Amino acid sequence: MKKITLALSFAVLLVTLSGCGDKPKSDVVKYKYTPAQVYTETCAHCHGAKGEGIAEKKAPALTKQSVQELEMSLFDIKNGGIGGQSTATEHDVMEHNMKKLAEKGYDYDIKMMASYLHNTFYVAK
Ligand code: HEC
């Protein structure tokens with residue numbers, strides 16, 4: 001009888017332990033805003049509501065690039081601003097000021113942003 005009780009309480013303990021401390025461990029970063037929200041709020045005033053580019057801001061159109069090209073540009077822009085390792089010029093980095101954006105919660109996933117831009121703005125040549 002004693003053995004069974006012991007085994008039972010051990011089982012209960014196990015269940016309780018695994019149930020409680022069970023914070024999902026994953027490397028997936030949760031972003032506060034979707035790429036669409038980030039774009040509208042932080043990119044559109046330079047790149048245009050339709051990604052057409054705005055000449056006075058010297059911001060190029062984002063309507064011609066492949067997903068891969070966009071990913072590479074975004075990678076450079078982001079790493080220049082945050083990681084400090086990229087081939088982006090200081091000008092690119094300054095314009096995009098990723099550090100500030102990230103501080104304000106406007107960080108984004110490069111792949112998600114690239115496919116958002118491509119799917120939303122791409123115009124076949
Ligand atoms: C202050 C204006 C400004 C803002 C805000 C801005 N950009 Fe830019 N962006 C530029 C300029 C200027 C360039 C061109 C940099 C260069 O080539 O020197 C550029 C280049 C790019 C490029 C590379 C395009 C190419 O083909 O060379 C991408 C992609 C891009 N921006 C995405 C974004 C995204 C995404 C955001 C919002 C998170 C953003 N930009 C916000 C001004 C801006």
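Reader: What share of the 125 residues in the protein chain is buried?
Author: This is a predicted model. Buried here means under 20% relative accessible area. In the protein chain of 125 residues, the buried share is 29%.

Reader: How many helices and how many strands does the protein chain have?
Author: Along the sequence, the pattern reads α-α-α-α-α-α. The chain has zero strands. The helix count is six.

Reader: What is the volume of the largest pocket, and which residues lie nearest its centre?
Author: The volume is about 630 Å³. The lining of this pocket counts 29 residues. Nearest the centre are Cys46, His47, Ile77, Glu95 and His96.

Reader: Which helix gives the largest share of the lining of the largest pocket?
Author: Helices that supply at least two lining residues each are α2 (35-47), α3 (67-83), α4 (90-96), α5 (98-103) and α6 (110-121). The largest share is six residues. That share comes from α2.

Reader: Is Cys46 buried or exposed?
Author: Cys46 is among the residues nearest the centre of the largest pocket. The cut-off for buried is under 20%. Cys46 counts as buried because its relative accessible area is 19%.

Reader: What is the relative accessibility of Cys43, and how many disulfides does the structure hold?
Author: Cys43 counts as buried, because its relative accessibility is 16%. A disulfide would need two cysteine sulfur atoms within 2.5 Å. The number of disulfides in the structure is zero.

Reader: Which element gives the largest share of the largest nonpolar core?
Author: This core has 18 residues, and those with the most contacts inside it are Tyr39, Leu74, Tyr108, Met113, Tyr116 and Leu117. Two or more residues come from each of α2, α3, α5 and α6. The largest share, six residues, comes from α6. Nonpolar side chains tend to be buried together in soluble globular proteins.

Reader: Which residues does Leu117 contact, leaving aside neighbours within four places in sequence?
Author: Leu117 is one of the core residues with the most contacts inside the core. Beyond its sequence neighbours, Leu117 is in contact with Tyr39, Leu62, Leu70, Leu74 and Tyr122.

Reader: Where does Thr63 lie, and which residues does Thr63 touch, not counting those up to four places away in sequence?
Author: Thr63 lies in the loop between α2 and α3. Thr63 is buried because its relative accessible area is 11%. The residues touched are Lys50, Gly51, Glu52, Phe121, Tyr122 and Val123.

Reader: What is the phi of Lys58, and is Lys58 buried or exposed?
Author: Most residues other than glycine have a negative phi. Lys58, in the loop between α2 and α3, has a positive phi near 60 degrees. With a relative accessible area of 68%, Lys58 is exposed.

Reader: What is the phi of Asn97, and in which loop is Asn97 found?
Author: Asn97 is partly exposed, because its relative accessible area is 34%. Asn97 is not a glycine, yet its phi is positive, about 35 degrees. Asn97 is found in the loop between α4 and α5.

How values were computed
Residues numbered from 1 in each chain as written. Predicted model: local features only at pLDDT ≥ 70, side-chain atom pairs only at ≥ 80, totals over all residues. Heavy atoms only, no water. 1 Å grid on protein atoms, 1.4 Å probe; cavity = no way out; pocket = protein on both sides within 12 Å on 5 of 7 lines; lining within 4 Å. Points joined across faces, edges and corners; volume = space filled by probe spheres on them. Buried < 20%, exposed > 50% of the residue type's maximum accessible area, 1.4 Å probe, protein only. Core = buried A, V, L, I, M, F, W, Y, C linked by side-chain atoms within 4.5 Å. Contact = heavy atoms within 4.5 Å.
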